[in-house]
Amino acid sequence: MRTTFAAAAALALLVTATLVGQAPPTTVAFTNVTVIPMDRERALADHTVVVRGDRIVALGPSREVQVPAESTRVDGRGKFLMPGMAEMHAHIPGGNATEADMHRTLALFAANGITTIRGMLGEPRHLPLRAAVAKGDVVGPTIYTSGVSFSGNTAKSADVAVKMVQEQKAAGYDLLKVHPGVPRDVFDAMAAEANRLRITFSGHVPADVGLERALTAKFRSIDHIDGYFEYAVKPGAPVDVKNPGFFGANFAAHLDPARMAKAVADTKRAGVWIVPTQGLLETFMSMATAEELSKGPGVEYMPPQMVAAWAKQRQSFMSQPGFNAQNNERFLQERRRLLKALHDAGVDIILGSDAVQTFSVPGFSIVNEMGAMARSGMTPYQVYVTGSRNVARFFNRDSDVGTVAVGKIADLVLVDADPLARVDNFARQTGTMLRGRWYPRADLLAKVRTMQ
Ligand SMILES: [Zn+2]
């Protein structure tokens with residue numbers, strides 16, 4: 001039995017190795033590297049980390065750690081080894097997407113230090129994809145995935161919603177995704193069945209459900225900080241409550257500080273997690289034109305027809321009534337304030353940037369998200385907690401992932417400049433280790449170029 005397993009693992013390694021064109025190492029040593037373990041805010045200079053199979057087996061000062069002779073050595077001098085990050089609001093391509101589209105997306109995440117993703121636009125093809133990645137047949141971060149989302153179009157009645165919950169639970173999806181448009185009675189039926197079958201639900205707060213009900217129903221995570229401005233709008237404010245605009249943008253000048261504070265406190269009390277996707281909203285509400293955004297980081301790796309579609313969406317988004325620098329900045333300032341207040345209140349925040357999405361390129365967009373969190377007042381260390389340790393807690397996997405420590409799964413990223421100094425430095429990477437397999441960034445990006 002043991003032999004069979006070992007043989008299968010070796011075969012998987014070989015298949016993976018073929019994909020990136022290098023020999024399959026069984027032991028990898030990062031030597032003379034500064035380790036940022038993320039157990040607390042500290043950096044361990046001149047350390048050596050040894051990985052065997054998928055686990056970290058040694059970690060200590062370089063003069064004390066013996067590097068096994070058979071190891072592949074990765075020179076860490078001047079570099080920083082830290083846990084890989086998570087993209088907790090990923091969109092794995094589906095629908096008409098080709099296998100190449102899916103594989104390219106996963107490789108782009110991996111090439112940018114992302115070692116875990118939570119797919120929030122699931123479909124049946126993502127289940128075998130999750131398994132193929134876990135086996136090592138496809139290069140990519142560990143996948144958690146929702147099923148087809150619950151929206152006004154899919155969950156048309158309580159009966160349909162209950163059936164969807166049962167089918168998605170039986171199919172083996174990790175969570176349910178909630179989109180706008182779900183009526184309150186349908187939502188209540190979905191939530192009750194989800195609780196009964198012990199499957200969590202996350203995503204948007206439908207208008208008919210509202211933030212209060214979302215919190216008592218215990219969304220596992222509310223994504224995009226959806227529903228907060230709608231909840232906090234001043235009673236009697238001169239706004240059309242039926243027309244909140246983009247994530248409540250029409251209400252940004254009419255928020256009641258007391259209601260905002262209550263929303264924050266109630267979120268903490270409910271134990272609901274938040275995926276801000278603040279960077280995505282900053283991009284949408286910036287004054288950057290389609291042409292400018294088309295030159296953004298990583299866009300060159302996306303198919304030209306997709307970038308053209310993004311440019312069209314951008315143009316129509318910018319031509320909406322009320323879209324101007326002053327309104328948008330007001331909205332973003334209120335969002336930053338809210339994110340900071342949630343964080344200060346001890347609400348659990350997890351990192352997500354909503355990629356693939358308009359001008360949100362897998363992996364590259366996580367640095368944009370990190371910058372947005374930093375502009376909201378979080379320190380670089382606090383930002384990385386949301387992408388590592390918090391994610392481990394979110395999935396109840398603290399003992400396996402989330403920090404750099406002996407015994408943990410080796411999901412790591414080797415960064416070229418001190419990430420604790422500033423979050424932009426996270427973009428400068430040598431490579432990613434996925435469950436013990438080392439992928440130089442240049443190799444992954446070269447591979448992506450062939451996946452058109
Ligand atoms: Zn989404």
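Helix axes here are lines fitted to C-alpha atoms over the stretch in contact, and angles between N-to-C directions run from 0 to 180 degrees. Helices are DSSP runs (H or I, at least four residues), numbered from the N terminus.

This is a predicted model, in which local features need pLDDT of at least 70 and side-chain atom pairs count only at pLDDT 80 or more, while totals for chains, interfaces and linings use all residues. Residues are numbered from 1 along each chain as its sequence is written, and side-chain values use heavy atoms, with hydrogens and water left out.

**Stop 1: α4 and α5**

Select residues 184-197, helix α5, together with α4. Helix α4 covers residues 158-171. The two axes come within 8 Å and cross at roughly 30 degrees. Angles under 35 degrees count as roughly parallel, so α4 and α5 are roughly parallel to each other. Their crossing is right-handed, meaning that the near helix is turned clockwise from the far one by less than a right angle.

Now show the side chains. Contact means heavy atoms within 4.5 Å. From α4, the residues that meet α5 include Ala158, Val162 and Lys169. Among their partners in α5 are Val186, Met190 and Leu197.

**Stop 2: Gln168**

Stay on α4 and pick Gln168. Is Gln168 buried or exposed? Its relative accessibility is 7%, so Gln168 counts as buried. The cut-off for buried is under 20% relative accessible area (1.4 Å probe, protein chains only). Leave out residues up to four places away in sequence, and Gln168 touches Gly147, Val148, Phe150, Tyr173, Leu175 and Leu176.

**Stop 3: the zinc ion**

Select the zinc ion, then His89 and His91. Both histidines donate through NE2, at 2.0 to 2.2 Å from the zinc. Donors are N, O and S atoms within 2.8 Å of the metal (3.2 Å for Na, K and Ca); water is not among the atoms, so sites may look incomplete. His89 and His91 are both buried.

**Stop 4**

Go to residues 364-375, helix α13. The expected span is 1.5 Å times one less than the number of residues. Buried residues of α13 include Phe364, Ile366 and Met370. Just after the helix, Gly377 has a positive phi of about 110 degrees.

Met370, Met373 and Ala374 of α13 meet Val383, Tyr384 and Thr386 of α14.

Note on methods. Helices (H or I, at least four residues) and strands (E, at least two) are DSSP runs, numbered from the N terminus. Buried means under 20% relative accessible area, exposed over 50%, partly exposed in between (1.4 Å probe, protein chains only). Angles under 35 degrees count as roughly parallel, over 145 as roughly antiparallel, 65 to 115 as roughly perpendicular and the rest as oblique.
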